[in-house]
Amino acid sequence: MSKYNIKINGTTKVVDVDPTTPMLWVLRDHLNMPGTKYGCGIAMCGACTVHLNGMAMRSCQLPVSAVGSQEITTIEGLSEDAAHPVQKAWLEHDVAQCGYCQSGQIMSAVALLKNNPNPNDEDIEAAMSGNICRCGTYLRIKEAIKTAAKN
Amino acid sequence: MKELNKLDRRSFLKTSALAGGGLMLSFSWIAESKAAKTMQNVAADWNELTGYIKITSDNIIKILCPNPEFGQNVMTSLPMMVAEELGVDWDKVVVEMGPHDNVKLGPQFTGGSNSIRMYWKPLREAGATARQMLRQAAAETWSVPIDEITTKSGVIKHSSGKSATYGEMANKAATLTMPKGLQLKAPKDFDIVSTSQKNVEGKKIVTGKPLFGIDYQVDGMLIAMIQHPPAFGMKLQSFDAAQALKMPGIKDVFSFKLYDTDFVQGGFDTRSFNEMIAVVGNSTWEVMNARKRIKAKWEPTGDMIEVMSGRGGNTEVTVPGRLESTENQMAMMAEKAKAPAKEQRKDGDPETAFKNAATVIERTYNAPFLAHNTMEPMNFFAHVQEDKALVVGPVQAPGWMEPTLGKILNLPADKIEIQMTRMGGGFGRRAYGQYVFEAARISQKMKAPIKLIYSREDDMTYGIYRPMYTATYRAALDANKNLIGFHVKGGGIPESPIHANRFPAGAVDNYLAESWEIPSNVTIGAFRAPRSNFNAAAEQSFLDEVAEAMGKDPIEMRLELLKRAKENPVGKNNDYDADRYAGVLELVREKSGWGKAENQKYNRGVAAYFCHNSYAAHVVDMIDRDGSPYVERVTSAMDCGIVINPDAAANMVEGAVVDGIGNAFYGSMTFKEGQADHNNFNSYRLIRHNEAPKQINVHFVKSEADPTGLGEPPFPPVFGAVANALYKTTGKRFYNQPFDSSDQPTNI
Ligand code: FES
Ligand code: FES
């Protein structure tokens, strides 16, 4: 066990965990932030996507000991009340079915739009293909990203 | 009324016992709405008007959703039906997931595309009943005849100018006798039903609120995982947990049995293994790591006898102990397919028809086991105490779990509380309670609240899979290329897919359907449109080939058969409405611009199917993209009667199309010596963004027929339409799923 001070969504949190613990489980089990989801644990589904210094990152592959002073943003950090343009676009297109993959999808989309404010279909597919949606909401996700890009 | 009061008390006691039991209710089940904010500040003076509606004197109107939600949007569409008859504005309603209470809230079963269909009448009646009670309360309060009282948007009015909110009359209304035989609205008068309303939990989903079973937490809760035998046909011999127990955060490692030896299994008690090792600790990562340190020895189970309950009493079933590999399974199926099978339906004289035929077309179709792969892996919370149990999590049918929990925990039904969380997908998997019972067993042993979590690997390797199927179709054509005989013989491991009374039964003079099955220890269960998901694939691509041999357009050929089935049906019990079936084909023909020059750049495949009470047809537009077939566009036509929530309904169909394309191309679970070959998404391929179509255009037949479901019906025909488009794209017929496999027989 080791103590870590981690910057998450603008505040510093202290956790005392095994250094190998992935941020996914630090968030879910130790910090009571279950918005970040577990889907595969091997970087294949994107359900656990967070931002590390603004870049999309699979938190199941990010050991707590590797975070250091880098800044983590989770779905809870986008906005409290769905005010972020990407969240708004998701609601406008009523994207979700079961909803389980959507926080990961949204985090990937936000990171995409940060780098590329006007993505075309191919850009979206390239950035989003690491995020599985078992319910098959891909079309609406694409539409929502385009709507968010406009705003 | 008396019955209702008794129930009120029971459910009140249940809730208060829970609150007093030190269990933190970390969920707020109240959906987002304008009223939701106000909710937090009010004392709960809920007046209950029917089991589904609660109204406070401050005029907060709450509607309980009876059925668990797994993405089919029932938490929105079911309450819409209540609100319609209650006569309130949709945006003023608070929606909450109901408790498990089959007496007050009906069957509470999500599956079989049945939610909308089974609740259509009761929920509108509940709304109408409550509205009538509110009017009655106003009539009595104002001493005026009830006929003079109207309501609009949750306000009660009298011609004299008197008015009151529903809230103001709710207290009195709740004391009145429930009226019966009320007139329900005609479809033309609907204000809410048939309008597009957003998912009531949308805001919570996009902000990452804890909605799912896997998010559930209470103080003092431990995490549990299970080590199961590595292969079907293996069981635990012994294990050494010494090292695992030394790992940080670990509370206990022990083996447990799911069912006792004399347990009689019901249909949804399917269990993959009976004895497993549980690892329990403080956090998921610690438990995952400790689990790797268990040294377990496994041994073959040998043949097993299971006692199953059924309509005709209990029966003993022998489950073979062999370690199965896909290759042997295929060989066993090929062998069995040659043997005489069980006749399911026979019309006319198929033997003679085939003997006299000018042409006989015979094709065999195969499909593998499929894993459900819900995005949220199986998990469940359980807190089992001496005299009561609370279990919380993602489950499709709490009413089926309760009796089994009662049996294994030895508790009466009223001491078992099941709470339903939002489910991260279901597709049939969560109709089986294995993981619920495992959680209960582990909590019982630990004497503590625990949350059982399956890793993705667990979820995929001890699944309750879609069975493996095969079917051989034969068509007899006379010299004029008329279809004079049709024969299907199908089977599977461990069940047959055959629906003997479905189309084209009823449309062909000489018809024969036969089935067979091979028992297995690989556990199987419902998977989005059970059996239909295979039949539609096989039959609809076979019909495409038959149409080609007849020299007919595939839509025209189906329409001709349906016309025959309507005007002069063959045999009895034809399990479809030929008009509605033809209706979706005609609609998809029109909307897809079938046969139009502007669509020539596409290789087009069509298929239609009827299952789970709704009709579906798709036209799949395929192109060659960088040397691979790619479905770029899909046109879908559906007939599910009245469409409750059109945009959400379209979302369902879009999802089913994507899921169908994905499973048709990639879905497959294979086995070696009883062990699943795939355990995660690196080798089990699911469809991704870049493989999904660019456009899915969904159309609904305009209808005033009672509504039916959409979770399953659009899914099966996607497979057939994809197969038919593949033929156009590659010049080859695809008989074996998944279609991306190079293992395709060459016919002819
Ligand atoms: S859980 Fe991290 S990518 Fe799937
Ligand atoms: S909405 Fe269910 S997995 Fe994406």
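This is a predicted model: local features need pLDDT of at least 70, side-chain atom pairs count only at pLDDT 80 or more; totals for chains, interfaces and linings use all residues.
Is Ala529(B) buried or exposed? With a relative accessibility of 0%, Ala529(B) counts as buried.

**Loops of chain B**

- Ser194(B) is another residue other than glycine with a positive phi, near 75 degrees. Ser194(B) belongs to the loop between α6 (166-173) and α7 (202-206) of chain B, and at 37% relative accessibility Ser194(B) is partly exposed.
- The loop between β23 (483-493) and β24 (510-517) of chain B holds Pro494(B), which is joined to Ile493(B) by a cis peptide bond with omega about 0 degrees.
- Pro504(B) also lies in the loop between β23 and β24 of chain B. The peptide bond leading from Phe503(B) to Pro504(B) is cis, and its omega is near 10 degrees.

**Strands of chain B**

- Strand β8 (residues 222-227) of chain B is mostly covered, with five of its six residues buried.
- Which way do β8(B) and strand β21 (residues 450-453) of chain B run, parallel or antiparallel? They run parallel and are joined by three bridges; here Ala224(B) stands opposite Leu452(B) of β21(B).
- With strand β12 (residues 275-281) of chain B, β8(B) runs antiparallel, and five bridges join the two. Met225(B) has Val279(B) of β12(B) as its bridge partner.
- Phe239(B) has its place in strand β9 (residues 234-240) of chain B and is partly exposed, with a relative accessible area of 28%.
- Although Phe239(B) and Ala296(B) are 57 residues apart along the chain, 4.0 Å separates their C-alpha atoms. Beyond its neighbours within four places in sequence, Phe239(B) is in contact with residues including Val253(B), Phe254(B), Ile277(B) and Ala296(B).

**Nonpolar cores**

- In soluble globular proteins, nonpolar side chains tend to be buried together.
- How many residues does the largest nonpolar core have? This core has 189, and Leu134(B), Leu405(B), Ile442(B) and Val722(B) have the most contacts inside it. Its largest share, 12 residues, comes from helix α5 (residues 115-142) of chain B.
- Another core, of 54 residues, lies apart from that one; among its residues are Ala475(B), Ala507(B), Val508(B) and Ala582(B).
- Leaving out residues up to four places away in sequence, Ile442(B) touches Ala224(B), Ile226(B), Phe254(B), Phe256(B), Ala278(B), Val280(B), Ile450(B) and Leu452(B).

**Where chains A and B meet**

- In this interface, 58 residues of chain A are in contact with 62 residues of chain B.
- The two chains bury about 4,900 Å² between them, and carbon and sulfur atoms give 57% of that area. On the chain A side, Gln97(A), Arg134(A) and Leu139(A) lose the most area to chain B, together 17% of what that side buries.
- Six salt bridges are found across the interface of chain A and chain B. Arg28(A) and Asp215(B) meet through their side chains in a salt bridge, at 3.0 Å from N to O.

**Helix α6 of chain A**

- Helix α6 (residues 138-150) of chain A has 13 residues and reaches 19 Å from its first C-alpha to its last, close to the expected 18 Å.
- Buried residues of α6(A) include Tyr138(A), Leu139(A), Ile141(A) and Ala148(A).
- What covers the buried residues of α6(A)? The cover includes α3 (85-92), α4 (102-115) and α5 (121-128) of chain A, together with α18 (646-666) and β30 (695-700) of chain B.

Definitions and conventions
Residues are numbered from 1 along each chain as its sequence is written. Chains are lettered from A and ligands numbered from 1 in the order in which they are written. Side-chain values use heavy atoms; hydrogens and water are left out. Helices (H or I, at least four residues) and strands (E, at least two) are DSSP runs, numbered from the N terminus. The expected span of a helix is 1.5 Å times one less than its number of residues. Buried means under 20% relative accessible area, exposed over 50%, partly exposed in between (1.4 Å probe, protein chains only). Contact means heavy atoms within 4.5 Å. A nonpolar core is a set of buried Ala, Val, Leu, Ile, Met, Phe, Trp, Tyr and Cys residues joined through side-chain atoms within 4.5 Å. Two strands pair if DSSP finds at least two bridges between them. Buried area is the accessible area (1.4 Å probe) that two parts lose on being put together, summed over both. A salt bridge is a side-chain nitrogen of Lys or Arg within 4 Å of a carboxyl oxygen of Asp or Glu.
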